[in-house]
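Subject: Structure handover

Hi there,

Here is the structure I promised to pass on, with the sequence alongside. My notes on what turned up follow below it.

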Amino acid sequence: MQRLILAIVAIVAWPVVAAADDTMADMNMSASSSSSSSDISASLALVAASYSQLNFGGDYEGAVPQLMWMHGRWMAGASIGLYRIFENGVQTYGPGDLMVHGSVELIETESVRAGVAVMASAPTGNMYEGFGMGGPMLMPSAWASWKVQRVTLSGSGGWGGMLAGGMSDDTGKMMMMSIINPMNQSELEWSAAADVAIASGVHGGVGGSGGIPVGESGIDRVIGAVRLGWGKGRIDTSAELQVGFVGDPFKVRGLVETGLHF
């Protein structure tokens, strides 16, 4: 827990931009461009969280490298995290699920942008130790943003579900397995954010995201976040402090990410 507190203090004290663990919509709205040139970027995100769920509690820390490619209206990327989970006095180490994602921008005007995206995961994380969902996941979505002077409002909505695998409880209902990124095995997903340009290269904002279960079983999930950051030249740095309000995805989680554009 002391490591978690130190990590959160470092995040709050470091003036940086929005972290990329956040939602698929955030990645699309910041990455898409009408330029015909290609851009490749690599980033490393650090995450620390404290969680308490029905039968277990503790904290986890991780490092998540990501590689992204952008060309005009198109974007694609992949990431996988390496984590340490401390659960009920026992610590384990391992990778999370492999994530791949892509998007295309369909509408671009002076103030409005919109598009569609899809994210998929492969079950590389150990389900029984809380590192993964236990099966391949598919998450298609649509996103949009509206910019008025220094303020940008954005949102996304979509579906996320397991294609195979997973685990059921004694009644046969599907369970949320991953401690790292808990979600229902079929759910409607949403996100909303407001971002303000503070100064040259510096901006901050607030946002929220969540999930609504589809079917007879599941847990509603709502997460709130505050953001701050800056970028200059080829380097962007970002930070985000999140709180789990509904569904106990975690108590508090902090993320810091630095990316380099080649």
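Of the 262 residues in the chain, 43% are buried, where buried means under 20% relative accessible area, exposed means over 50%, and partly exposed is in between (1.4 Å probe, protein chains only). Please keep in mind that this is a predicted model, in which local features need pLDDT of at least 70 and side-chain atom pairs count only at pLDDT 80 or more, while totals for chains, interfaces and linings use all residues. Residues are numbered from 1 along each chain as its sequence is written, and side-chain values use heavy atoms, with hydrogens and water left out.

The chain has 2 helices and 14 strands; these are DSSP runs numbered from the N terminus, with helices being H or I of at least four residues and strands being E of at least two. The accessible surface comes to about 12,900 Å², and carbon and sulfur atoms hold 65% of that (Shrake-Rupley method, 1.4 Å probe; for residues, only the protein chains shown count as cover). If we take contacts between residues at least 6 apart in sequence, 59% of them join residues at least 24 apart, a contact being heavy atoms within 4.5 Å.

The largest nonpolar core has 14 residues, and Val-47, Tyr-51, Tyr-60, Tyr-83, Ile-85, Ile-179 and Ile-180 have the most contacts inside it. A core here is a set of buried Ala, Val, Leu, Ile, Met, Phe, Trp, Tyr and Cys residues joined through side-chain atoms within 4.5 Å. At least two residues of this core come from each of β1 (38-52), β2 (57-71) and β4 (82-87), and β1 gives the largest share, with 4 residues. There is also a second, separate core of 7 residues, including Met-99, Met-137, Met-162 and Met-183.

Tyr-83 deserves a look of its own. Leaving out residues up to four places away in sequence, Tyr-83 touches Val-47, Tyr-60, Glu-61, Gly-62, Val-64, Thr-92, Tyr-93, Gly-94, Pro-95, Gly-96, Phe-131 and Ile-180.

How many aromatic pairs are there? The count comes to 2, with rings of Phe, Tyr and Trp (its six-membered ring) pairing if their centres lie within 6.5 Å; planes under 30 degrees apart count as stacked, over 60 as edge-to-face and the rest as tilted. Tyr-51 and Tyr-60 make a tilted pair, at 6.2 Å centre to centre and 40° between the planes. Tyr-60 and Tyr-83 have ring centres 6.4 Å apart and planes at 80°, so this pair is edge-to-face. Because Tyr-60 lies in strand β2 and Tyr-83 in strand β4, the pair ties together parts that are 23 residues apart in sequence. Tyr-60 and Tyr-83 are both buried, and ring pairs link Tyr-51, Tyr-60 and Tyr-83 into a cluster.

On to the charges: the whole structure holds 6 salt bridges, each being a side-chain nitrogen of Lys or Arg within 4 Å of a carboxyl oxygen of Asp or Glu. One of them joins Asp-59 to Arg-84, with the closest N and O atoms 3.2 Å apart. Since Asp-59 is in strand β2 and Arg-84 in strand β4, this pair ties together parts 25 residues apart in sequence. Are its members buried or exposed? Asp-59 is buried, at 5% relative accessible area; Arg-84 counts as buried at 11%, and Glu-61 does too at 16%.

Elsewhere, Arg-227 forms a salt bridge with Glu-240, the closest N and O atoms being 2.8 Å apart. This pair links strand β12 (residues 221-232) with strand β13 (residues 235-246), 13 residues apart, and both Arg-227 and Glu-240 are buried.

Finally, the surface has a nonpolar patch with about 870 Å² of accessible area together, and among its residues are Leu-106, Ile-107, Trp-146 and Leu-228. Patch residues have over 30% relative accessible area and no salt bridge, with like charges joined within 9 Å and nonpolar side chains (Val, Leu, Ile, Met, Phe, Trp, Tyr) within 5 Å. Ile-107 sits in strand β6 and counts as partly exposed, at 44% relative accessibility.

Best wishes
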